[in-house]
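Student: I am new to this structure. Please walk me through it.

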Amino acid sequence: MRVHVYEKGFLGVGAVLLVVIMGTLAYTSLAMGIHLPGHVQQVDPAQVRTLPPFDNPGLRQVGENRYEAVFLGSAWQFQPAEIRVPVGAHVTFIATSTDVLHGFAIERTRLNMMLIPGQVTKNDYTFTERGEHLIICHEYCGAGHHIMYGKVIVE
Ligand code: CUA
């Protein structure tokens with residue numbers, strides 16, 4: 001009998017929490033306009049390879065010491081697989097996925113993005129030291145997930 005009462009209590013707590021959390025989510029996204037970090041625009045994942053800037057992925061210089069790095073994530077590779085930037089380069093990463101959810105984390109930086117099909121993600125980073133950084137897919141994306149990586153070489 002006792003157990004039954006506790007069980008009901010816990011179910012009640014769970015239900016209340018669910019309502020509170022869903023309410024908070026709805027409030028922050030609808031009323032406060034808070035979205036995924038870096039969410040900038042939408043794009044059709046089926047067309048993305050033909051649409052600029054994703055029709056030409058890679059690194060380009062856009063100003064003094066400023067670069068744009070356009071990346072596509074697809075099972076199971078990043079395109080481009082590697083970029084080389086000079087020390088001190090301020091790089092804006094613009095990325096999306098052509099198929100499923102992928103991760104885009106650059107080791108030893110604060111850069112950690114999600115590549116979501118249909119969404120363009122954008123984030124900036126300044127590379128202040130020489131060295132190599134792996135780009136890691138940290139969202140499980142299928143059989144080849146563990147071989148999905150890229151590289152930023154700062155030289
Ligand atoms: Cu892509 Cu895991």
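This is a predicted model: local features need pLDDT of at least 70, side-chain atom pairs count only at pLDDT 80 or more; totals for chains, interfaces and linings use all residues.

Student: How many helices and strands does the protein have?
Tutor: Helices (H or I, at least four residues) and strands (E, at least two) are DSSP runs, numbered from the N terminus. Along the sequence the pattern reads α-β-β-β-β-β-β-β-β-β-β-β. The count is one helix and 11 strands.

Student: Why is the protein described as more spread out than a compact globule?
Tutor: The globule rule is 2.2 Å times the number of residues to the power 0.38, and the radius of gyration is taken over C-alpha atoms. For 155 residues the rule gives 15 Å. The protein is well over that, so it is more spread out than a compact globule, with a radius of gyration of 20 Å.

Student: What box do the C-alpha atoms fill?
Tutor: The box is taken along the principal axes. Its size is roughly 70 × 30 × 30 Å.

Student: What share of the residues is buried?
Tutor: Buried means under 20% relative accessible area, exposed over 50%, and partly exposed in between (1.4 Å probe, protein chains only). The protein has 155 residues, and the buried share is 34%.

Student: What share of the contacts joins residues 24 or more positions apart?
Tutor: Contact means heavy atoms within 4.5 Å. The share is taken over contacts with a separation of 6 or more. It is 59%.

Student: Where is Thr96, and is it buried or exposed?
Tutor: Thr96 sits in strand S6, residues 90–97. Its relative accessibility is 0%. Therefore Thr96 counts as buried.

Student: Which residue's backbone oxygen lies 2.7 Å from a polar atom of the Thr96 side chain?
Tutor: Leaving aside neighbours within four places in sequence, Thr96 contacts residues including Val43, Phe54, Leu115 and Gly118. The backbone oxygen at 2.7 Å from its side chain belongs to Gln119.

Student: Which side chain makes a polar contact with that of His102?
Tutor: His102 lies in strand S7. At 0% relative accessibility, His102 is buried. A polar contact is a pair of N or O atoms within 3.5 Å; within protein, one must be able to donate a hydrogen and the other to accept it, and residues adjacent in sequence count only if both atoms are side-chain atoms. At 2.8 Å, the partner of His102 is Asp99.

Student: Which residue is joined to Ala75 by a cis peptide bond?
Tutor: Omega of this bond is about 0°.

Student: What is the phi of Asn65?
Tutor: Most residues other than glycine have a negative phi. Asn65 lies in the loop between S2 and S3. At 37% relative accessibility, Asn65 is partly exposed. Its phi is positive, near 65°.

Student: What is the phi of Arg108?
Tutor: Arg108 belongs to the loop between strand S7 (102–106) and strand S8 (112–115). With 58% relative accessibility, Arg108 is exposed. It is not a glycine, yet its phi is positive, about 60°.

Student: How far apart are the C-alpha atoms of Ala89 and Tyr125?
Tutor: Ala89 is in the loop between strand S5 (82–85) and S6. Ala89 is buried, at 0% relative accessibility. Along the chain, Ala89 and Tyr125 are 36 residues apart. Their C-alpha atoms are separated by 8.2 Å.

Student: How far apart are the C-alpha atoms of Ala15 and Ile136?
Tutor: Ala15 is part of helix H1, residues 2–31. Ala15 is partly exposed, with a relative accessible area of 41%. Along the chain, 121 residues separate Ala15 from Ile136. The C-alpha separation is 37 Å.

Terms used: Residues are numbered from 1 along each chain as its sequence is written. Side-chain values use heavy atoms; hydrogens and water are left out.
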